[in-house]
Amino acid sequence: MSAGKDLGVKLLGTLADRFKTDRKSDKAVESLFGAFLQSVLVANSKDAIKVVKYLNAKGLGRIPVLVVDQRSKPVGKANPDVVKLLGIEDSFASLLAEVFPKEMGAEVVAKVDAVNGKSPLVVTMDGDLVF
């Protein structure tokens with residue numbers, strides 16, 4: 001990303017880049033995270049501010065920017081089924097659970113018939129969401 005060089009910011013990719021999913025998981029992941037899959041990842045809040053100011057100054061629109069600060073110790077709790085669905089490390093899952101608690105706590109089921117009404121958010125492998 002040449003914009004990162006222009007800013008003096010190391011862009012760490014997008015949220016979608018960090019997920020290691022297979023084709024059968026794609027619909028569920030897209031339903032859970034939607035537009036946030038395109039969130040730009042940066043190392044710290046100073047870099048996040050630079051990215052937002054750059055986009056605003058150039059009239060390039062808006063995009064979510066997620067700070068992935070390795071020095072902090074996130075303590076969010078993620079559903080192990082969601083972590084497995086996303087194919088991510090526990091430390092990153094913990095960070096995402098702080099930022100996206102509902103999504104990272106979702107119940108994952110194969111088909112909508114398995115929804116039992118006990119979870120506040122359920123995602124099927126077909127990408128259906130039940131709140």
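**Entry 1: N79**

I began at N79, which sits in the loop between β2 (65–67) and α5 (80–86). Helices here are DSSP runs of H or I with at least four residues, strands are runs of E with at least two, and both are numbered from the N terminus. A note for anyone joining me: this is a predicted model, where local features need pLDDT of at least 70, side-chain atom pairs count only at pLDDT 80 or more, and totals for chains, interfaces and linings use all residues. Residues are numbered from 1 along each chain as its sequence is written, and side-chain values use heavy atoms, with hydrogens and water left out.

Is N79 buried or exposed? I found N79 buried, with a relative accessible area of 19%. Buried means under 20% relative accessible area, exposed means over 50%, and partly exposed is in between, with a 1.4 Å probe and protein chains only.

Next I looked at the side chain of N79: one of its polar atoms lies 2.8 Å from the backbone nitrogen of D81. Setting aside neighbours within four places in sequence, I listed M104, G105, A106 and E107 as the contacts of N79. Contact means heavy atoms within 4.5 Å.

**Entry 2: helix α3**

I then moved to α3 (residues 26–33), and noted A28, V29, L32 and F33 as its buried residues. These residues lie on the same side of α3 because they cover an arc of only 110 degrees around the axis. That arc is taken from the directions from the helix axis to the C-beta atoms.

What do the buried residues of α3 pack against? I wrote down α2 (15–18), α5, α7 (101–104), β4 (122–124) and β5 (129–130). Just after α3 comes G34, and I saw that G34 takes a positive phi of about 45 degrees.

**Entry 3: helix α6**

In α6 (residues 90–99), I found F92, A93, S94, L95, L96 and A97 buried. The cover over these buried residues includes α2, β1 (40–42), β2, α5 and α7.

T14 is in the loop between α1 (2–7) and α2, and T14 has a relative accessible area of 10%. Leaving out neighbours within four places in sequence, I found T14 in contact with L37, Q38, S39 and L41.

A48 belongs to helix α4 (residues 45–58), and A48 is buried, with a relative accessible area of 10%. Not counting residues up to four places away in sequence, A48 touches V42, V65 and V67.

**Entry 4: stepping back**

I finished with the whole protein, which has seven helices and five strands. Reading along the sequence, I get the pattern α-α-α-β-α-β-α-α-α-β-β-β. The C-alpha trace spans about 50 × 30 × 25 Å along its principal axes.

Of the 131 residues, 36% count as buried. Among contacts with a separation of 6 or more, I noted that 56% come from residues 24 or more positions apart.

Definitions and conventions. Polar contact = N/O pair within 3.5 Å; in protein donor to acceptor, adjacent residues only side chain to side chain.
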